[in-house]
Amino acid sequence: MTSILLVDDMPVIRSTLTRIISQQKDLFSPVLEAANGEEAVSLARNHKPDIILMDIKMPGLTGLQATSIIQQEQPDVKIVMLTAYNEFAYVQRALKLGARDYILKPVRPQKLLQLLAEIRQEIQTEKREMRTVEIVKDSLQKTMPVIETNLVENLIRGTNPEGSTVDESLGYLGKRLVWPVVLVTKIDNFDQFTQTYPQVAPKQVYADLAQLIRRQLPDANRALVGYSNPGRVVAIVSTEQSLAKPDQIRTFCEQLRQTIADNLPFTVTIGMGKRYMGYESIPLSYAEANLARRYHSRSPGNRVVDLSDTVEEQPQGESSARYLVQKERELVQVVESNQMKKAQRLINEIVDYLSQRYYTRPDVMRNHCAELVTLVAWGVIGAGTNEPTVLALLHQQVRVLSSWKTVPDLRAWTLNSLTELMALVPARSQRQDPIQLAITYIQENYQRSNISLQQVADEVNLSQSHLSSQFKSRTGTSYVKYLTAIRMDNAKKLLRTTDKSVASISEMVGYPNTTNFYRHFQKHTGMTPATYRQKKKNVTV
């Protein structure tokens with residue numbers, strides 16, 4: 001039924017309208033009445049009628065004023081203005097306020113019933129469309145996590161979503177990724193948890209964990225969260241704002257870890273990868289995060305780890321999990337040192353181990369082989385090979401992985417991928433240490449004011465992100481701090497050994513802006529250049 005509110009200050013008009021509408025009482029009910037604008041607003045709020053017949057001129061709150069209020073509070077209501085011939089200017093204002101139509105006084109019954117029938121049909125169509133929209137929305141809400149999980153899987157494997165690009169899929173989800181980092185969250189003692197709580201479906205556990213992770217993100221629209229292997233959730237998070245530094249990412253992970261421990265019936269270990277500039281490097285960040293987590297798989301849980309935490313930790317014992325970790329670490333080392341035969345032997349040993357565990361589960365076996373080849377790619381890049389070239393080949397190899405079904409097929413694919421990737425590693429006699437090359441380049445070019453990390457990366461054939469992480473790992477400091485230290489050391493030498501002006505020395509060490517030089521020098525030494533020079537002269541005397 002369609003409800004109607006009649007608003008007119010004259011009882012006789014309200015009575016006439018009620019009588020006309022009663023001819024269609026099986027379609028229009030209830031029919032409410034208001035004698036002025038105030039009553040109309042009150043009844044509209046309490047009863048939310050579908051249609052309102054509103055007189056324009058009434059004492060107190062006018063029909064235009066009442067229309068404005070009601071339309072703001074209930075934009076879907078259909079308001080029809082009742083007007084005389086000489087009130088058309090008011091009608092125009094009412095239509096601008098959102099009125100659906102108008103009808104002239106005295107009201108002709110046939111005209112009124114015809115208009116009400118049209119509006120009733122319009123309301124029913126809108127309600128059907130709204131129901132359809134709600135059904136579609138509900139369906140999308142249920143499928144969005146699945147789509148998001150599939151995209152996460154594509155990104156960590158280095159493949160494009162089926163039938164679309166990464167950017168198109170992100171746009172469909174309303175997401176954006178900038179400088180992504182991969183976080184792998186693994187439920188501690190997952191097998192034991194499922195035995196303790198057999199009534200809890202694993203899918204619900206993943207959904208609860210993923211939802212909690214989403215709520216803790218600085219911006220859920222700049223991240224992806226998806227389920228992965230049993231007991232594991234993978235998040236790909238943008239880091240260009242509040243998570244731009246490694247210590248900020250770790251702090252976020254520690255807060256996330258504690259929130260999970262406080263709100264869910266289990267603890268987790270979170271493996272952190274490094275942040276990279278583009279989507280194509282996400283498999284590397286995933287490999288780093290997953291390796292860090294796996295290296296700690298037999299350590300006490302409820303912690304955050306990255307590869308820098310594991311340098312001195314060597315898994316001991318003969319357990320199957322530790323055996324696999326040891327073999328994977330050894331594989332990375334022999335790939336970096338370009339020992340093909342040893343790498344092939346290790347691949348065969350790892351595939352043998354995996355085939356014994358997952359012979360009846362080729363999908364799980366396939367995922368492990370994909371992760372294994374990603375590790376190989378990571379090692380090849382660590383050997384100084386051009387990162388984009390390695391990633392392009394990795395993507396090419398992973399794209400055909402789905403067509404391999406059996407264990408022999410997967411073994412052949414893994415060995416072939418190893419051979420293809422290691423063919424990119426330069427021979428020992430040709431290979432130079434890219435980080436040492438970068439250090440030498442900085443020492444020879446620090447005087448240039450425009451020397452940048454990207455320029456150094458281009459010079460040594462690494463990506464900016466990979467050079468940044470490797471440089472800090474090797475030197476213990478960032479590129480910017482290292483460059484500043486080189487400049488300050490040379491500035492101090494010039495201040496001690498020459499009579500050149502501070503402005504000249506500033507320019508000689510890469511600071512064309514003397515004020516900027518003063519600021520850096522004072523921060524570095526705790527004194528101004530002039531004070532430093534005088535102090536050193538006094539010491540000499």
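Is E148 buried or exposed? Keep that question in mind as you open the structure, which is a predicted model. The answer comes at the second stop.

**Stop 1: the domains**

Start by colouring the protein chain by domain. Select residues 4-107 for domain 1, 142-308 for domain 2, 314-431 for domain 3 and 434-538 for domain 4.

**Stop 2: E148 and K175**

Next, show the side chains of E148 and K175. They meet in a salt bridge, with 3.8 Å from N to O. This pair joins distant parts of the chain, 27 residues apart: E148 sits in helix α5 (residues 109-157), while K175 is in the loop between α6 (166-173) and β6 (180-187).

Here is the answer to the opening question. E148 counts as buried, because its relative accessibility is 5% and the cut-off for buried is under 20%.

**Stop 3: E153 and R157**

Stay on helix α5 and select E153 and R157. Their side chains form a salt bridge of 3.2 Å, N to O. Why are E153 and R157 separated by about one helical turn? The reason is that they are four residues apart in helix α5.

E153 is partly exposed, with a relative accessible area of 23%, whereas R157 is buried, with a value of 6%.

**Stop 4: E240 and R222**

Now move to E240 and R222, whose side chains meet in a salt bridge at 2.2 Å, N to O. Where does each residue sit in the chain? E240 is in the loop between β8 (232-238) and α9 (246-263), and R222 is in the loop between α8 (202-216) and β7 (223-227). The pair links distant parts of the chain, 18 residues apart.

With a relative accessibility of 26%, E240 counts as partly exposed. R222, with a relative accessible area of 15%, is buried.

**Stop 5: a network of charges**

How many salt bridges does the structure hold? There are 22. For a linked group, select K78, R100, D101, E122 and E126 and show their side chains: these residues are joined in a network of salt bridges.

**Stop 6: I213 and L256**

Go to helix α8 and pick out I213. I213 counts as buried, because its relative accessibility is 2%. I213 and L256 are 43 residues apart along the chain, yet their C-alpha atoms are separated by 7.1 Å.

**Stop 7: backbone details**

As a rule, most residues other than glycine have a negative phi, and most peptide bonds are trans. The next selections go against that pattern.

- Select S29 and P30. The peptide bond from S29 to P30 is cis, with omega near -5°. P30 belongs to strand β2 (residues 28-34).
- Select K105 and P106. The peptide bond leading from K105 to P106 is cis as well, with omega near -10°. P106 is in the loop between β5 (101-104) and α5.
- Select K48. Its phi is near 50°, a positive value in a residue other than glycine. K48 is in the loop between α2 (37-47) and β3 (51-55), and it counts as exposed at 52% relative accessibility.
- Select N338. Its phi is near 60°, again positive in a residue other than glycine. You will find N338 in the loop between α11 (320-336) and α12 (340-358), where it counts as partly exposed at 26% relative accessibility.

**Stop 8: a positive patch**

Which residues form a positive surface patch? Select K245, K472, K481, R519 and K523 to see it.

Zoom in on one of these residues, R519, which lies in helix α21 (residues 514-525). R519 counts as exposed, because its relative accessible area is 52% and the cut-off for exposed is over 50%.

Methods: Residues are numbered from 1 along each chain as its sequence is written. This is a predicted model: local features need pLDDT of at least 70, side-chain atom pairs count only at pLDDT 80 or more; totals for chains, interfaces and linings use all residues. Side-chain values use heavy atoms; hydrogens and water are left out. Patches are made of residues with over 30% relative accessible area and no salt bridge: like charges are joined within 9 Å, nonpolar side chains (Val, Leu, Ile, Met, Phe, Trp, Tyr) within 5 Å. Accessible areas come from the Shrake-Rupley method with a 1.4 Å probe; for residues, only the protein chains shown count as cover. A salt bridge is a side-chain nitrogen of Lys or Arg within 4 Å of a carboxyl oxygen of Asp or Glu. Lys and Arg count as positive and Asp and Glu as negative; His and the chain ends are not counted. The place of a charge is taken as NZ of Lys, CZ of Arg, CG of Asp or CD of Glu. Helices (H or I, at least four residues) and strands (E, at least two) are DSSP runs, numbered from the N terminus. Buried means under 20% relative accessible area, exposed over 50%, partly exposed in between (1.4 Å probe, protein chains only). Domain bounds come from an automatic or database domain assignment.
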